[in-house]
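Reader: Before I set up any charges, I would like to go through the charged side-chain pairs with you. Could you take the questions one at a time?

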Amino acid sequence: RVQAGLHCLPSLSVSCASMSDEVALAQGTPVWVPDPETTFEDGVFQSQASGKATVKLNNGKEVVIPIAEVSPKNPTNILGCEDMTGLLYLNEPGLLQNLSFRFEYDLVYTFVGSILIAINPFKGLGPVYAKSMMERYRNCIPSEIAPHAFAVTDQAYCGMIQNKDSQSIIISGESGAGKTETTKICMRYLADVGGTLGVGHIEEQIMQSNPILEAFGNAKTLRNDNSSRFGKFIQLQFDADGHVIGALIENYLLEKSRLVFQAKNERNYHIFYQLLAGSSPEEKTKMKLGAPDDYHYTNQSYCVDIPGVNDAKDFEEVVMAFRSVGVDQGELDSILSILGFILHCGNVTFNAGGEGEAQLRAEPPLQACAELLKLDYG
């Protein structure tokens, strides 16, 4: 049995040094120089003396900076390069210029050798992830096809089949970079290519794990409306013929403090708002549930809704996902009761007594906690 692993990691920083110390700069050479406001400004190299370079910027200003901070500019005729190892100058402003140029045309994927850079487009790209596009990347040669997450995933899958050895795909980036979505794209491709006849029951269960993971592990932050607040390792298992036979998902480093505190304009984990918005009237009565504004764990940040997000609809998807992965109604009721317990637990408060003892302010929240845990109160 062989397997493919998907690792979701926090930001990985890579710096590109200036190449001016390796390239002889002649007068009139187009260059980049650092700028505190725009990151980099382009201009024309004029001269150098005593380790300093004089550069006339295209905005009309003239600056004198250390020669080591000057980076030669790539010719415009090679902009839009699909693999940036083909750029004439591999410096930081050159890479950023190429990525920016491609991004303007919705080309969000770019290779740097075997590494794929993906830029979050913050919008749907329609046919880019269609079934027909998956077919194009089957058994592809990355150097002969447009950059895509499918290309990297197919390379890992083919390596696993041909070498009979486990493969890993590491997905890294800062908050909001698109790690969660990219993971789902890779999983969908592997489930499709590893399916026996299309997408079968096992593949469907694997894909249905995503709504559950996001509901219980993702939250709105200041930078990202669907930020994963945990790391995860997803192991897809295949038989000798390359068919999916199972999966293992491990999570770690969950931001537990978010349960009890959220910064202003952030939210607790999605599942609490989904439960309050999507549970039936009978469920709300049974668990004594109200609105997000009624609970300390969901009202302290003054942020309840996310524009464009339907928490009630998402709750339906989570319930369906639970059923798809084999959670029966009794187990689901227990999970929802625990969520309700957590909400009520946040409303349990105490007053300090005269001799330092704690005195319960109000009994209803604690009574609700006891009922949801099926404990006797009193």
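Reader: How many salt bridges does a search of the whole structure find?

Author: Side chains of opposite charge can pair when their charged atoms come close. For this predicted model, the search covers the whole structure, and the number of salt bridges it finds is 13.

Reader: Which side chain meets Asp 192 in a salt bridge, and how many residues apart are the two?

Author: The partner of Asp 192 is Arg 138, with an N to O distance of 2.5 Å. Asp 192 belongs to helix H4, which spans residues 179-193, whereas Arg 138 sits in the loop between helix H2 (131-136) and helix H3 (149-163).

Reader: Is Asp 192 buried or exposed?

Author: The cut-off for buried is under 20% relative accessible area. Asp 192 has a relative accessibility of 9%, so Asp 192 counts as buried.

Reader: Which residues are linked with Arg 138 in a network of salt bridges?

Author: Arg 138 itself is partly exposed, at 27% relative accessibility. Besides its pairing with Asp 192, Arg 138 is part of a network of salt bridges, in which the other members are Lys 131, Glu 135 and Asp 192.

Reader: What relative accessible area does Glu 255 have, given its salt bridge with Arg 229?

Author: Glu 255 and Arg 229 meet in a salt bridge at 2.7 Å, N to O. Arg 229 counts as partly exposed at 21% relative accessibility, and Glu 255 is likewise partly exposed, with a relative accessible area of 23%.

Reader: Which residues does Thr 54 touch, leaving out those up to four places away in sequence?

Author: Thr 54 is located in strand E4, residues 52-57, and counts as buried at 18% relative accessibility. Leaving out residues up to four places away in sequence, the residues that Thr 54 touches are Val 44, Phe 45, Gln 46, Ser 47, Glu 62, Val 63 and Val 64.

Key. Residues are numbered from 1 along each chain as its sequence is written. This is a predicted model: local features need pLDDT of at least 70, side-chain atom pairs count only at pLDDT 80 or more; totals for chains, interfaces and linings use all residues. Side-chain values use heavy atoms; hydrogens and water are left out. A salt bridge is a side-chain nitrogen of Lys or Arg within 4 Å of a carboxyl oxygen of Asp or Glu. Helices (H or I, at least four residues) and strands (E, at least two) are DSSP runs, numbered from the N terminus. Buried means under 20% relative accessible area, exposed over 50%, partly exposed in between (1.4 Å probe, protein chains only). Contact means heavy atoms within 4.5 Å.
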